[in-house]
Amino acid sequence: MQKLIESQTQVYTNGQVDPQYRNNNLHMLTSQFFSSGKSDAQVLAILCGMGVPQPWALQAIEEYNLSKGGGCCGCEGQNEQKNDIKMQFTLTELYEKVTKTLEKLQEMKEADAGRVSYTANNAMTVLEDTLKQFPVALKNADLQMCEEVEKSANPALKFSIAKSLYNQSTLYSWLNPMTEMIGYLDNFYDNAKLAFKVNEAYEAAKKRGGSLYEKLGTDLYNVLSESAENMKNKFLAISTKHPWSPECKSILEDIAKEQQIVHEQRGGKIVKLFSPILTEGNTHTFHLAGRDYTFDGKKVKEAHINNVQYFNVLEGLKLCSYKNGMFTISSQNENDLTINIDEGTINIGDIDLTNASVIEIHEALLGTNFFGYRDAYKIDIVCKLIESFDIVAEMDQFLSINSLIHPSLFLTMISVEEGVYVHRLNGGMQLNEMKYYSSASEACQIVKEFINYDVSSYLVEQLEKEGNTLIRQQENRKKIQEMVEFLEGKKKEITASITKVGETPELKEALELIDAEITLKEKELQETFITEKKSKGQYLNDGYVEAQLKKSVAGLKKGTEIMVNAEEYASLGDDELVDIINPKTGKSHYIKKSEVNVEF
């Protein structure tokens, strides 16, 4: 039988006893992770990631499981936690949880007159103050009345109560009832992250003031009233009305991360392009954003096509949506038509039409009432698409990017031997253009300004040919930045743990190691930023002329070749200062015009 020590137990009036299994910060931290619903493997990964030696982490997990495995009280707590996860985040559920936690703390206070009782009393004060924030009508209300209160209450109220309660409860997280409630709030946050973030944006808009923020606040308030299923779509609609809002932008980026559609950067996502392709020799004709082009590996030209088969396929592709190697045409019933380009199969629901003739597919579409009477004409369009689907190809030589912030922005890059073609599409501004850039560096800058996306890795060969030394370290720089961001995240986790459970030798050591590693990586990052030096030709293109020094000045010897701005040199007097540049170092100096010898 395990020996229980008073300072290490929590005793309830119903006889329940919760041993604290060792008054140790590591074990308290382990208990918190388990109470938030995490598995053994997840807790082990977190502890090791924070720098806790694996044997210590395994021992803490084992002792926790032993302490919870033998008693029914442990199972009851786990079941309660599982039930909490299934609950919807409502004022009523939050009110009930706070009330139950208050009752448990009252039992603890009555059973123990020592240190636990004092802390429980303080925690009870926090909960009692929290209950005062709820609508009075919730007290002793039946289910129907609770629903009415829920509908009439400010939708932002439950989020502000939960946030305030969570921040105050961390001081008493070592008490089991408070640990359970913190885990309850953590689970609600995990299942309603978007709602919490929208509420934060709403609160920020209220504080800012001004007509723009007033309209934004009203729209966000209306989003909070939506169900969890509709909230995302409603917010996306609101974000398009307020593209200027940094709060909306931040939430959009978070949504993109959760959906795992950010491939390399926050500015945009890489998308696949499909088009009917007509090939003649080395020249390929393709369709992009309503226009037709030819491409021979060297040049892209706008084209005029008269091929009926080509246009039939284009019409059919307008009916399709693409995802994960599958083209889908939606039906008025549940049996959609799918074309799997990887497997080469065609299906209407469960009907396999892979080897069927076009006539049989036509009959199948009619027989299943695929489109209905009014849209029956689309059957011919689908049949013509399937008949000529072999000319459809993915344009994988091109790089196409869709903005994550402004969904109407699309950009496509086509790299050729002597430059880059950039196609820009902005539905809102009626922009649809293809432009050629002889400089890959210029093309990178254009893309960055248009869609906030770094395409240097796509154009790395052209950039290196141009001698752009800033880009040569780009891939290494990206890896270092990602590592710094990862380490900063771990540092925040450890700092938060120290705030909750106090500083331990393990956490202190982990923090020191991470700080040292961040310093090292930041130094490596600084070394990747190389100052680009211009060539003489570039200075000449910028309006400079070659010159020589008449005497030694500014650390430069007599006769040193320099560059001087031609306009300044022609307009200034002999005793006035002109800006000279040493092309070997890129450094500039101001000296008298009379000390410069220019031969025009």
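Is Tyr202 buried or exposed? I looked this up first in the predicted model: Tyr202 is buried, with a relative accessible area of 9%. That sits below the 20% cut-off for buried residues.

**Entry: the ring partner.** I then searched the whole structure for aromatic pairs and got 13. In one of them, the ring centres of Tyr202 and Tyr221 are 5.6 Å apart and the planes meet at 50°, so I noted the pair as tilted. Tyr221 is partly exposed, at a relative accessible area of 28%. Tyr202 belongs to helix α10 and Tyr221 to helix α11 (residues 211-224), so the pair ties together parts 19 residues apart in sequence.

**Entry: what packs on α10.** Staying with this helix, I checked α10 (residues 193-208) against α8 (residues 157-169) and found an angle of about 95°, with the axes 10 Å apart. The two helices are therefore roughly perpendicular to each other. On the α8 side, I listed Phe159, Ser160 and Ala162 as making the contact; on the α10 side, Ala195, Phe196 and Asn199. My tally of the contact residues came to four nonpolar, two polar and no charged.

**Entry: another aromatic group.** I also found Phe274, Tyr322, Phe327 and Phe389 together in one aromatic cluster.

**Entry: the whole chain.** Zooming out, I counted 22 helices and 23 strands. Of the 600 residues, 42% are buried. I got an accessible surface of about 33,900 Å², with 49% of it belonging to carbon and sulfur atoms. Among contacts with a separation of 6 or more, 53% join residues 24 or more positions apart.

Key
Residues numbered from 1 in each chain as written. Predicted model: local features only at pLDDT ≥ 70, side-chain atom pairs only at ≥ 80, totals over all residues. Heavy atoms only, no water. Axes fitted to C-alpha atoms, helices over the stretch in contact; angles between N-to-C directions. Helix = DSSP H or I, 4+ residues; strand = E, 2+ residues; numbered from the N terminus. Parallel < 35°, antiparallel > 145°, perpendicular 65-115°, else oblique. Contact = heavy atoms within 4.5 Å. Nonpolar A, V, L, I, M, F, W, Y, C, P; charged D, E, K, R; others polar. Buried < 20%, exposed > 50% of the residue type's maximum accessible area, 1.4 Å probe, protein only. Areas by Shrake-Rupley, 256 points an atom, 1.4 Å probe, with all protein chains shown as cover. Phe/Tyr/Trp six-rings, centres within 6.5 Å; stacked < 30°, edge-to-face > 60°.
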